[in-house]
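Welcome to this structure. Please have a look at it first, and then read the notes below alongside it.

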Amino acid sequence: MSAEERKVAIVACAGMDKALGSVARACAFKVVQDLKPKESVLVCIPPLIIGVNSHSEWINKYPVVTIDGCAERCATKIVAEKRGKIRGRVFIPNGVKKHGLKPETSAEIGPEGEELAEKIADETALLIDKILRK
Amino acid sequence: MTIVKDKVGIVSCSGEDLPEGTISRIATRIVLEKLRPDDTVTICLPLFLAGSQDERAFARAFPTIAVDGCSKKCAEVGTQKYSGRPVATIVVSEIMKRHPHLKAKSRDNLGDEEKELVSIIAEEIAKKVDEVLGIKKKSGASN
């Protein structure tokens, strides 16, 4: 597999309704910008739905990790509908339970929300390593 | 008895591709929470696009304003596809052309220039909300 092919597509909830949507978004940025910039691409949900080619191509070309902020699991539903290859799923409410950190609001997740996003991003980076090792 | 007041649904780009997506999102929250809390509700774009009937029904019944980060206009296109044409669209990248001294650089850590842009966009959205509700009231009075 070439370096270009060794990537994972990250599709995150970017929901505005809930603070956990903002944590999902913050987590995705930490993964693609800081932790795994060479091994990941960030797929933006709205262009994926309206059919912007690059986003649709990424979820078909690369294994996908979805990051969902709530039980609606929009990121997972949308990727499944678009026939992307989901190889990993991250569910932010599970991270809240595990780490005992509570974000403040959707507009401002606050210090605990930032810490939560960092911890879940670290776990997502490990998941990416695992997927790419297979 | 419940009195249903006119509301405007704000459908914001939640884009992670560009800083303009983050500006759209935060400006929308300012309108919802501070500038026009009684007149607006948010429509969660991923939920709307994923097929939520509640979100789509709201967007069919009430006027919507799309707030898009860039010329792809995902919020406008998505709303039109699943519920109906928004009554107005605000495109952040277009408004930014009127303020060339302000640059959007970061998608996650907004600096002073981005924050100023957020304020400008939020005011534009609020102005549009007033226009939409005003227009609706006028046409209602004439019927």
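Predicted model: local features only at pLDDT ≥ 70, side-chain atom pairs only at ≥ 80, totals over all residues.

1. Let us start with chain A. It holds 6 helices and 4 strands, and along the sequence these follow the pattern β-α-β-α-α-β-α-β-α-α. The C-alpha trace spans about 40 × 30 × 20 Å along its principal axes. A compact globule with 134 residues would have a radius of gyration near 14 Å, and chain A agrees, with 14 Å. Of its 134 residues, 49% count as buried. Among the contacts in chain A with a separation of 6 or more, 64% join residues 24 or more positions apart.

2. Chain B comes next, with 6 helices and 4 strands. Its elements run β-α-β-α-α-β-α-β-α-α from the N terminus on. The radius of gyration is 15 Å, close to the 15 Å of the globule rule for 143 residues, so chain B is as compact as a globular protein of that length. Its C-alpha atoms fill a box of roughly 45 × 30 × 25 Å along the principal axes. Buried residues make up 46% of the 143 residues. For contacts in chain B with a separation of 6 or more, the share from residues 24 or more positions apart is 66%.

3. How do the strands β3 and β4 of chain B pair? Strand β3 (residues 64-68) and strand β4 (residues 88-91) run in the parallel sense, over 4 bridges. One place to look is B:Asp68, whose bridge partner in β4(B) is B:Val91. Between the two strands the chain passes through α4(B), and this β-α-β crossover is right-handed.

4. Now to where the chains meet. The contact takes 25 residues from chain A and 25 residues from chain B. On the chain B side, the elements giving two or more residues are α1 (19-35), α2 (45-50) and α4 (74-82). That side divides into 11 nonpolar, 6 polar and 8 charged residues.

5. After the helix comes A:Arg83, whose phi is positive, near 60 degrees.

6. Which residues have the most contacts inside the largest nonpolar core? They are A:Ile10, A:Val11, A:Ala12, A:Val23, A:Cys27, A:Ile67 and B:Ile125, in a core of 77 residues. Helix α1 (residues 19-35) of chain A gives the largest share of this core, 10 residues. As background, nonpolar side chains tend to be buried together in soluble globular proteins.

7. Finally, is B:Glu114 buried or exposed? B:Glu114 counts as buried because it has 20 C-beta neighbours inside 10 Å. It lies in helix α6 (residues 112-142) of chain B. Leaving aside residues up to four places away in sequence, B:Glu114 touches B:Pro19, B:Ile23, B:Ala104 and B:Ser106. B:Val132 is 18 residues from B:Glu114 in sequence, and their C-alpha atoms are 27 Å apart in space.

Conventions:
Residues numbered from 1 in each chain as written. Chains lettered and ligands numbered in written order. Contact = placed C-beta atoms within 7 Å. Nonpolar A, V, L, I, M, F, W, Y, C, P; charged D, E, K, R; others polar. Rg over C-alpha atoms; globule rule 2.2 N^0.38 Å. Buried ≥ 20, exposed ≤ 12 C-beta atoms within 10 Å, placed from the backbone. Core = buried A, V, L, I, M, F, W, Y, C linked by C-beta atoms within 7 Å. Pairing = 2+ DSSP bridges. Right-handed = clockwise from strand over helix to strand, strands pointing away.
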